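Visitor: Hi, could you walk me through this structure? I'll ask as we go.
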Amino acid sequence: MLQLEDIRVSFDTTTALDGVSLIADTGRTLTVLGPSGCGKTTLLRVVAGLQPADSGRIRLAGNDLAATPAHRRGVGLMFQDNALFPHRDVASNIGFGLRMNGQTRAEIARRVRELLDLVGLPGAERRAVQTLSGGEQQRVALARALAPEPRVLLLDEPLGSLDGPLRERLLADLRGLFAALRLTVVYVTHDADEAFALGHTVAVMRGGKVVQRAAPDDLWRRPADGWVARFLGMRNVRDQGDRSRVIPPEAVSVEPGDGAVVTGSERRGSVVWLRVMLDDGSEFYAVTTATHNPGPGDRVAVRIDEAAAFDVPKWAG
Amino acid sequence: MLLKHKATETAACIALVGVPAAFLGLFFVYPLVAIFHRGLGSSFPTDVLTDPATLRVVWFTVWQALVSTALTLVAGLPLVWATARVAFRGRGLVRALVVVPFVLPTVVVATAFLALLPESMQRGVVPILLAHVFFNVAVVVRVVGGYWARLDPSLWDVAATLGASPSRRFRELTLPALRPALAAASALTFLFCFTSFGVIVILGGPHFATLEVDIYDLATQSFDLRAAAALSLLQLGAVAAIVAVSSSLEARAGARMPLAVEEVAARRPRGWERPALAAILDLAALGFGLPLAALVVRSFATPAGAGLGFYRALGHETTALLVEPWRAVEYSLVYATAATAIALTLGTLAAIALVQRRSGRWLDTVVMLPLGASAVMLGYGFVIAFDTSPLDFRDAVWIIPVVQALVAAPFVVRILAPALRAIDPRLREAAAVLGASPARVRREIDVPLVLRPLGVAAGLAFAIALGEFGATVFLARSDRPTLPVAIFRFLERPGATNQGTAAALCVVLMAVTVLAVGVADRLTSRRIGL
Amino acid sequence: MSRATVVAVAAAVAIVGARAGLAASGSGTVVLVTHDSFAISKSTKAAFEKQSGLKLRTLQSGDAGAALNRALLTAGKPEGDVFFGVDNNLLSRALAGKVFDKYTPAALGQVDGYYDLDRSHHLVPIDHGDICLVYDRAWFTKHAMRPPYTFEDLLQPGYAKLTVVENPATSTPGLAFMLATVAHFGRGAAPWTYWRKLRRDVLVTNGWEEAYNAQFSGSSSHKGKRPIVVSYASDPAAEVYFAGKPLAQAPVAVVRNTCFGQVELAGVLRGARNPDGARKLVDFLLSKRFQTGIPLTMFVYPVRDKTPLPAVFKRFALPMSSPLRLSPATIGANRDAWIRKWTDTVLR
């Protein structure tokens, strides 16, 4: 179990982490979700020992890590830009950490082969890293991070530079891998879909603070405040004073009839977002999986399941 | 392409390639051909090249350059670390100051070491090596530091999480990462030391000669045209070999590490780094400051006590020159201004040709040649080639700016070509799509974007022209001398007055140079690159 | 931009041209290009200026060798009108370089034909002297050592690091001394064997000024540390003359076995701006007035017959009767190779 207690880090003029406390459970994946600049990368660097914290405590399996330098912490780290060593081939990149641990060549070679099989690149040992595709590079970076069997694996937006389908495939692979290896993972991202897809637990960060920590379903069902709801992708969020009223998109349904007009429609893969304006002037978004949908200008009836709606503070914490 | 554009394009092509080519043909290729034709007309100088005397000169040239390079690296690397990786107050100032020695004229630095060292150590290998280190630390700091500051730190972070200790990270990552930059800096330093002239002539005494100095001696003292030509040939070959070897070394130095576009934020020193930083900065201040301070002190140390005597003497006639010494300031400024204008015109045309046209590739090599074909050869070639009517230009006023421009132009190209190349073609396309004509695109996009590097190039060209010595020493006449030549004339003559006058002129030259480069730097608010 | 550049360059060039024109004024001035050891008294200079109506300007560019070498590089476009200081050892080089115009001054008739080395009269003799090893008497007395008597003495154990010589590539005394060793040891390997043994024991300077005034212990400046120097046979007279008090014995003495004869010549530079003035100046250099002043200004001997020698010369520095010699032809044919050989043997 990785425990962070009241971590604070500030740079010259800005506060990057403002009293962060978090727990990552052993064998589970914690995703840290937040916009850029919220401090999530700094959080990873503090855990890895690359950035000293001004105050607070980090414990791994109960041991305080304060005095342990980065190279003795036994954490794995993977960056968005993969950070492969350009002067070494694939095997040498993956074996780097093992070599640092003083393992024998034979052991390293065996382990490298095992990992290449694991990440789906068998036989790539002698390839130069520049000749790999973006996806392959990320797989090598992952294998390299996994090779020394880290106690915690830290990933900083590892899929950020990949395109759609590839990203989906890798996401699925990562999920399978994390489960199969029973890894303790801290995964940082700004993409809510990624956070939901991977995390047993999702922590939402804003301005150097954790505003909410919950299982994906709980988070979706009850965001901590209006800002979180919007960040998760909810569109029917209405501010009323210091409260926000949230109507989940699934609580809004569009049927043939009257009372509203469609003002916009956008397909997002398998779902369609419809924007409708009620005759009283209020606007809502509805999600539908239908293949034939009304277009802008069409008159429709809108039904809102008021029971699913809820009130949250506009700005928690 | 429209027909009427055809003619303008041809004209532009002639201007871009033709003007630099014609200039280089007349003022570079022809003088070199003249040396070789007159010197080697009869037979190939195998005897000169295999003479033990020649071999001894070559050996000294090589080993002093090697040792100078090694010492420069040793002295420079701590400073590189301090200026590239550590954040401290005044870092910008330190970085700017470190570059200053590189633009100082060789004559000034050599004189500064004369002023600093006790008489028994003034001539010999030690002062030569010290002066070479003094100059070239700037090269190492600029080349390696610029590279180090932009290395992607995530590699080091990953290595740390994989269990690599700091020393291990330095060995396994930093050194391999810096290898291309170290190779480039070493090659440049080696080249500068290999072709060193002013430093050796002044600090070497009669005993020490590099190939460059030996060519000068043979050309001006023994009048052995054949041996001078033979050694010139050797020098040309050696420089070509150095350039070839260094670029293949750089190519083989391994995969380039990913570089950030901007400098990666340096971090504040921690733990042991703090005293180390302080020690490095103090040593650097001493190393750079002491010789220059000694020079200034010497210029005020008249036999009658501290005073302005030597400076006042600059206004009086001497028998070393046909004009009052201070007039050299005026001549130097005018020559350098003209030389800068020529070098910028030449360099800009060549850089555009290099970037735009495929035919410009060979021009790259040709433009860079004066850099390797030493200044002494150039000056000597001028004296040899332009000594008979109608090509007797030896006393023409413009000959000195021309030769200085030849020495400076390669640096201009080296700065401008990458700047031109770095202009994203999409900017031009965007402007064109928005309705700008080709000429307008040039004016609105290229010119503003190149203005800064152009200013940097102008400052450097001016400094090089001001300090040029190896070629000018052949051509500057006693009735209109340049500052370095005037300094050399006084330095050559014994006596406190002559030495003091030389020191005073050196201080003036140093001030003028730093002022010129500083102004260019201010105007362009960017540091000088190589 | 290119138009602005052209204007800037043109303006710069015009300014320099105009200033240069002012500096080297035309027919009212005559410029004498010479070496650092040239000297002329104020009154003699004034006499010339009064008599000719010309202003005399001197340009001293290093030791005689270096000065001539500069003149050779600017042959045809000289920096002055007259060059003084070519010696018998560099004569062939000067003539081959086509540096001078022919001129035969009337006063040449008053000069012994022995000194008239250039029968084409591109160059005419002005003075002569002898280059020898010179030593500091007081130093040898103080250290209870016998002063050197021959070239070979310099190789004796006690003489290590006592001698200053000039570089023959840049200095005429240095060249003369090198030729003296060739004349003494004979052509072939012997002189170079001598020099190889000597190389660690001698200090080499580029010019006579530095050797004599800065490194030699016997000069009146008393700055140097080495008691033996390659210099002029007339130095004893000079040191007595400059002592400022009567001396019974000169502070320096000459090693008479090592002396090599030297004749210094002058000529009108080809391409001189003021050729008339140049000829007047050469005439003046051979005039009684200038010749009489030579001993006490430059400490060499006048070439003009019957020029009276000062008393101090008569007592302390009579000319050598038979200095070492090499024929001008031999020197001309071998000089440059010997210089190269010497440089390689002693300096590298």
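Visitor: How many residues of chain A count as buried, in percent?

Guide: Of the 317 residues in chain A, 42% count as buried. Buried here stands for 20 or more other C-beta atoms within 10 Å of a residue's own, with C-beta atoms placed from the backbone. Keep in mind that this is a predicted model, where local features need pLDDT of at least 70, side-chain atom pairs count only at pLDDT 80 or more, and totals for chains, interfaces and linings use all residues. Residues are numbered from 1 along each chain as its sequence is written, while chains are lettered from A and ligands numbered from 1 in the order in which they are written.

Visitor: Thanks! How many helices and strands are there in chain A?

Guide: Chain A has 8 helices and 17 strands. Those are DSSP runs numbered from the N terminus: helices are H or I with at least four residues, strands are E with at least two. The C-alpha atoms of the chain fill a box of roughly 75 × 45 × 35 Å along the principal axes.

Visitor: Which strands form the open sheet with β12 in it?

Guide: The order is β11-β12-β17 in chain A, with antiparallel pairing. Strands pair if DSSP finds at least two bridges between them. At the edges sit β11 (237-240) and β17 (310-313) of chain A, each pairing on one side only. On average, neighbouring strands of this sheet are turned by 30° against each other, direction ignored.

Visitor: And how many bridges join β11 to β12?

Guide: There are 4 bridges between β11(A) and β12 (residues 243-246) of chain A. As one bridge pair, Arg238(A) has Arg245(A) in β12(A) as its partner.

Visitor: Changing topic: how many residues of chain A are in contact with chain B?

Guide: 19 residues of chain A are in contact with 19 residues of chain B. Contact is counted when C-beta atoms, placed from the backbone, lie within 7 Å. On the chain A side, β6 (75-78) and α2 (90-100) each supply at least two residues. By class, that side has 12 nonpolar, 6 polar and 1 charged residues. Nonpolar covers Ala, Val, Leu, Ile, Met, Phe, Trp, Tyr, Cys and Pro; charged covers Asp, Glu, Lys and Arg; the others, Gly among them, are polar.

Visitor: What about chain B and chain C, how many residues does the contact take from each?

Guide: That contact takes 37 residues from chain B and 43 from chain C. On the chain B side, α3 (52-85), α10 (211-222) and α14 (327-356) give two or more residues.

Visitor: Which element gives the largest share of that side of chain B?

Guide: That is α14(B), with 7 residues. The residues of this side of chain B divide into 17 nonpolar, 8 polar and 12 charged.

Terms used:
Buried ≥ 20, exposed ≤ 12 C-beta atoms within 10 Å, placed from the backbone. Contact = placed C-beta atoms within 7 Å. Axes fitted to C-alpha atoms, helices over the stretch in contact; angles between N-to-C directions.
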